[in-house]
Amino acid sequence: MVPAVRRRQRPCNGLDRLAQAGFDETVTGYAILTGHHGAGAIARPSLRKRASRLFGQWGVFFRGFVEEPRMVGSIIPSSRFTINKMLAPVDWQRCEVFVEYGPGVGTFCQPVLDRLRRDGSLIVIDTNPLYIDYLKKHFRDSRFHAVHGSAADVIDIVKAHGHDGADYVLSGLPFSTLPDGVGPAIAEATHEVLRPGGAFLVYQFSAKARDFMAKHFRRIDRGFELWNVLPCQLFWGWKDAKD
């Protein structure tokens with residue numbers, strides 16, 4: 001009788017120990033979120049699929065925050081209260097082109113599409129390709145256009161999509177943490193791309209964005225939303241014919 005060959009076991013790392021203890025999905029989810037794939041962490045495709053569903057949108061959002069924290073306003077997507085209050089002043093009948101900076105995983109995208117007229121366009125711009133890839137897979141609406149790029153280039157981006165301007169621009173970008181010079185460049189480009197009667201819609205945790213907006217918009221309405229994590233400041237900078 002031939003003796004059974006005993007397989008030599010490799011040393012276990014921390015991820016392996018979690019997997020052996022029954023935390024396979026957690027381990028796989030960690031690997032998906034961070035990109036650090038320990039040995040054995042994604043050994044089984046079925047676990048990988050389950051973990052993807054488990055983390056889903058939140059996982060993509062969190063990973064994007066980890067990769068580019070200065071470009072993401074929050075680790076938590078905006079609440080429905082913030083969404084509704086932020087979009088309330090928009091005149092949807094006259095809105096042909098709506099632009100969003102930093103859409104993340106699309107928290108505002110579907111609410112905007114639900115309100116946008118049938119011949120309108122929603123152009124979202126983000127510097128993180130992770131978010132852009134996610135959005136292109138999850139929004140099949142012909143009015144939706146996801147662009148990997150900088151908000152400072154909004155004028156060229158809007159023109160590239162066949163429009164001479166935008167009616168509304170929405171931003172959740174953290175103006176207080178953006179690299180030097182980026183905030184002022186975005187505020188200036190946004191004012192230029194907006195058509196008369198349009199508005200720059202901004203939601204922030206601080207009032208820093210208003211400082212950039214005030215240099216270009218004479219009328220800035222202000223609001224506040226308590227039911228958000230964290231509570232946030234809301235601003236609507238209006239462009240009139242004299243601006």
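Is arginine 195 counted as buried or exposed? Keep that question in mind as you read these notes on the model, which is predicted.

1. **The overall picture.** Start by counting elements: the protein has 9 helices and 7 strands. Of its 243 residues, 46% are buried. The accessible surface is about 13,200 Å², and carbon and sulfur atoms account for 54% of that area.

2. **Contacts along the chain.** Take the contacts between residues at least 6 apart in sequence: 65% of them join residues at least 24 apart. The points below give some pairs you can find for yourself.

3. **Arginine 195 and aspartate 167.** The structure holds 8 salt bridges, and one of them joins arginine 195 to aspartate 167, with 3.1 Å between the closest N and O atoms. This pair links distant parts of the chain, since arginine 195 sits in strand 5 and aspartate 167 in strand 4 (residues 166-171), 28 residues apart. Now for the opening question: arginine 195 counts as buried because its relative accessibility is 18%, and the cut-off for buried is under 20%.

4. **Arginine 218 and aspartate 240.** Here is another salt bridge to look for, with an N to O distance of 3.4 Å. It also ties together distant parts of the chain: arginine 218 lies in the loop between helix 9 and strand 6 (219-225), while aspartate 240 belongs to the segment after strand 7 (232-238), 22 residues away. Arginine 218 is exposed, at 59% relative accessible area, whereas aspartate 240 is partly exposed, at 35%.

5. **Arginine 219 and aspartate 221.** Move along to arginine 219, whose side chain meets that of aspartate 221 in a salt bridge of 3.0 Å, N to O. Both residues are partly exposed: arginine 219 has a relative accessible area of 48%, and aspartate 221 has 29%.

6. **Phenylalanine 205.** Finally, have a look at the loop between strand 5 (194-204) and helix 9 (208-213), where you will find phenylalanine 205. This residue is partly exposed, with a relative accessible area of 36%. Phenylalanine 205 and leucine 234 are 29 residues apart in sequence, and their C-alpha atoms are 8.7 Å apart in space.

Methods
Residues are numbered from 1 along each chain as its sequence is written. This is a predicted model: local features need pLDDT of at least 70, side-chain atom pairs count only at pLDDT 80 or more; totals for chains, interfaces and linings use all residues. Side-chain values use heavy atoms; hydrogens and water are left out. Helices (H or I, at least four residues) and strands (E, at least two) are DSSP runs, numbered from the N terminus. Buried means under 20% relative accessible area, exposed over 50%, partly exposed in between (1.4 Å probe, protein chains only). Contact means heavy atoms within 4.5 Å. Accessible areas come from the Shrake-Rupley method with a 1.4 Å probe; for residues, only the protein chains shown count as cover. A salt bridge is a side-chain nitrogen of Lys or Arg within 4 Å of a carboxyl oxygen of Asp or Glu.
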